[in-house]
Amino acid sequence: MNPMLKKFKQELAKLIKGDNQGQITFKSRTVRLKGYDYLVVRAVVPDIPEILDIERAVYQGKTPWNFANFEEQIRDKEKTLYLVVRYNDEMVAFAGCDMKYAKNEAHITNIAVLPAYQKLGLGQMLLRILINEADNFGLRKVSLEVRESNMQAREAYAFAGFIDWIIKKDYYFDDGEDAIEMVYSISANKRRDMMVNGSK
Ligand SMILES: CC(C)(COP(=O)(O)OP(=O)(O)OC[C@H]1O[C@@H](n2cnc3c(N)ncnc32)[C@H](O)[C@@H]1OP(=O)(O)O)[C@@H](O)C(=O)NCCC(=O)NCCS
């Protein structure tokens, strides 16, 4: 894309965002799921060691993203939104996305829930919050990549309304596994909701 046009689109997106500081804001909140209260807050750099602990817990001791990767994302408050979920002061989940204003989409770069807290609805809750934030910025879709073999995550995304979009061959550096790009269309889901619920 022409650099001038790209810059114009980015500035226009910032104006639509209505935030003259140029930063994405997020209001901390308590969310009740199945009778338990979880605190959802924006991630800060001192959260990173606990985020890495969750990565180790879900990726067999590995940390696909390191401290510096998370730090870069969390500090980039104009373009990214990273959230952490706490239950009784313990971090139990995190998720983050990149608002790609010029592409009119939000890209979820990370999401993980501690094994003991999986299948309780936390993943759906985080996806819903990120979709709503993307919608608030006027973005049209939310995308993510997932390992082809990661059926648990693919089912969770499908349940949230994401559809398989394209296969990215040999996507992962470590073992060359293919990734499936999944996409949630904000506009199509809104249209569907309006047809189902009426246009109130
Ligand atoms: C992917 C992940 C984030 C999902 O989080 P989660 O909190 O376990 O997900 P949820 O509980 O919100 O929803 C997922 C499950 O509930 C189902 N579900 C959620 N709400 C439901 C409802 N109301 N009715 C029926 N099913 C429901 C989903 O289909 C899925 O079911 P199943 O796996 O039991 O068949 C989590 O599994 C995880 O951290 N995995 C390891 C890290 C990882 O792979 N991250 C993704 C990298 S791309």
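Which side chain makes a polar contact of 2.9 Å with the side chain of Glu 145? I found that of Tyr 171. By polar contact I mean a pair of N or O atoms within 3.5 Å; within protein, one must be able to donate a hydrogen and the other to accept it, and residues adjacent in sequence count only if both atoms are side-chain atoms. Glu 145 also joins its side chain to that of Lys 168, at 2.7 Å. I placed Glu 145 in strand 6 (helices, H or I, of at least four residues and strands, E, of at least two are DSSP runs, numbered from the N terminus).

I note that this is a predicted model, where local features need pLDDT of at least 70, side-chain atom pairs count only at pLDDT 80 or more, and totals for chains, interfaces and linings use all residues. Residues are numbered from 1 along each chain as its sequence is written, and side-chain values use heavy atoms, with hydrogens and water left out.

Next I looked up the ligand. I counted 21 residues around it, with Val 113, Lys 119, Gly 123, Gln 124 and Asn 150 coming nearest (near: a heavy atom within 4 Å). The shell around the ligand holds twelve nonpolar, six polar and three charged residues (Ala, Val, Leu, Ile, Met, Phe, Trp, Tyr, Cys and Pro count as nonpolar, Asp, Glu, Lys and Arg as charged, the others, Gly among them, as polar). Helix 5 gives the most to this shell, six residues.

I then checked the ligand's polar atoms. One oxygen atom of the ligand lies 2.8 Å from a backbone N or O atom of Lys 119. For Gly 123, I read 2.8 Å between a polar backbone atom and an oxygen atom of the ligand. A nitrogen atom of the ligand is 3.4 Å from a side-chain N or O atom of Tyr 59.

Last, I searched the whole structure for salt bridges and got 17 (a side-chain nitrogen of Lys or Arg within 4 Å of a carboxyl oxygen of Asp or Glu). I looked up Glu 133 and Arg 29, whose side chains meet in a salt bridge at 4.0 Å, N to O. Glu 133 is in helix 4 and Arg 29 in strand 1, 104 residues apart.
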